[in-house]
Amino acid sequence: MAKPKRDELNQTLSSYFNTINDTLQLFEHSPPPTQDKLNWNDVLQMSDHLSRQATIVGMLWTGEPPEAKALKETMDSYYNALQGFLLLCHGSMVGAGPTLSSSIRASVKQIVDSSFKLLHGSVSLYGDTEPGGSYEKGRKPSIPQLTGAVWEACSNLKKVPTTNIKAIGRAMTQVAASLKDVLREMKEIKPVSDCSSPEHDFSANSDEDDDELGDDLSHEELEVAALVADVVSETLMMVKELIRSTASVIKLEKPEDKGGFVDSFEKLLKLCQETGEQIDELGACVYPPQELSLMKQILERINGNIGETKAFTSSEAFLEACTRLQSLIEHTVTELDTRIESELVSNINNVLSL
């Protein structure tokens, strides 16, 4: 009798899944600005209700296995709560720009995914609690763990930025974190002489040092790496000033804003993210064999981005940071040109000496 009932539960779960996926299609676009915006606090309250529904599902498995009817009723309640949450959440996205919308969608997806894992785990366990069930030992779904995942997803929703500018500022902070990682890698680069001393025996420590092979630079390559590290450091300072400038206007965002105010910061963020990606690429070029011409191209693209960025803000501190970075980039490009020319002359001389 257990298998037919479980098949029915699976059919019900499948219909829920299809309907919820249809509802999720709404999140591909923000609601029209003419639509009344629903309150975000109501969304958070609904997520708390959903979290409690997950607890109820989990409690079904704390004692004797539930009857199919009880499991079906609990699934119905959960589905209704989830569907209501999604519609309420989408209605709160009126006026949300691309960055804020992306943050909300990511959190909503986490809630939906964890919810269906919980429901699927419950259905798959039904009728499989007796000895000789289909699960291998230790492979059964852990309902407490799946319930906890829903709790965590609902809790994470509370961390979603509540305004466009806050969401943009957080995304800029992520760029700054990436720049810090690149700068740290630059500082960890070692000259080749550090690894050629007698006490540094690669044959004795081959497993330990495998990951470091190829990271050791000659004196000339270290000079180039130092130039790049300076650019990365100054770029980080510029992004920090951009974050401060963005944070200073958080209170200026108004619900009735028609998009112009937010759009300018979205463009700033895009330029900031593009610069971050280019810095990642520039950092990778530092490792041998160094591609000086590619470094120069990347630096010129970064310089162009900075020029565009300056047009979107009047922050004096930020503009000064941009000017310092542009000056440093120009100096670095000049240094690279000198080295590129020197390499070219050396290569020509080598060919002529053959």
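Student: How many helices and strands does the chain have?

Tutor: The chain has eleven helices and zero strands, where helices (H or I, at least four residues) and strands (E, at least two) are DSSP runs, numbered from the N terminus. This is a predicted model, where local features need pLDDT of at least 70, side-chain atom pairs count only at pLDDT 80 or more, and totals for chains, interfaces and linings use all residues. Residues are numbered from 1 along each chain as its sequence is written, and side-chain values use heavy atoms, with hydrogens and water left out.

Student: What percentage of the residues in the chain is buried?

Tutor: Buried means under 20% relative accessible area, exposed over 50%, and partly exposed in between (1.4 Å probe, protein chains only). Of the 354 residues in the chain, 41% are buried.

Student: And which share of the contacts comes from residues 24 or more positions apart?

Tutor: Contact means heavy atoms within 4.5 Å. Among contacts in the chain with a separation of 6 or more, 82% are between residues 24 or more positions apart.

Student: Let's do aromatics. How many aromatic pairs are there in the whole structure?

Tutor: A pair of aromatic rings is described by the distance of the centres and the angle of the planes. The cut-offs go like this: rings of Phe, Tyr and Trp (its six-membered ring) pair if their centres lie within 6.5 Å, and planes under 30 degrees apart count as stacked, over 60 as edge-to-face and the rest as tilted. A search of the whole structure turns up three aromatic pairs. One of them is Tyr16 with Tyr79, a stacked pair at 4.4 Å centre to centre, with 10 degrees between the planes.

Student: Why does that pair tie together parts that are apart in sequence?

Tutor: Tyr16 sits in helix 1 (residues 2-24) and Tyr79 in helix 3 (residues 68-91), so the pair ties together parts 63 residues apart in sequence. Tyr16 and Tyr79 are both buried.

Student: What about Phe17 and Phe116: why is the pair edge-to-face?

Tutor: Their ring centres are 5.2 Å apart and the planes stand at 85 degrees, so the pair is edge-to-face. Phe17 belongs to helix 1 and Phe116 to helix 4 (residues 98-125), so this pair links parts 99 residues apart in sequence. Phe17 counts as partly exposed because its relative accessibility is 39%, while Phe116, at 10%, counts as buried.

Student: Now a loop residue. Where is Lys37 found?

Tutor: Look in the loop between helix 1 and helix 2 (40-59). Lys37 is exposed, with a relative accessible area of 52%. Leaving aside neighbours within four places in sequence, Lys37 is in contact with Gly91, Ser92 and Val94. Lys37 and Val94 are 57 residues apart in sequence, yet 5.3 Å apart in space, C-alpha to C-alpha.

Student: Which residues does the cis peptide bond join?

Tutor: Most residues other than glycine have a negative phi, and most peptide bonds are trans. Here a cis bond joins Pro288 and Pro289, with omega at about 0 degrees. Pro289 lies in the loop between helix 9 and helix 10.

Student: Last one: which residues line the largest cavity?

Tutor: A cavity is a set of points on a 1 Å grid over the protein atoms alone where a 1.4 Å probe fits but cannot get out, and lining residues have an atom within 4 Å of a point. The lining consists of Met238, Leu242, Leu271, Cys272, Thr275, Asn305, Ile306 and Thr309. Helix 8 (219-247), helix 9 (260-285) and helix 10 (292-310) are the elements that give two or more residues to that lining.

Note on methods
1 Å grid on protein atoms, 1.4 Å probe; cavity = no way out; pocket = protein on both sides within 12 Å on 5 of 7 lines; lining within 4 Å.
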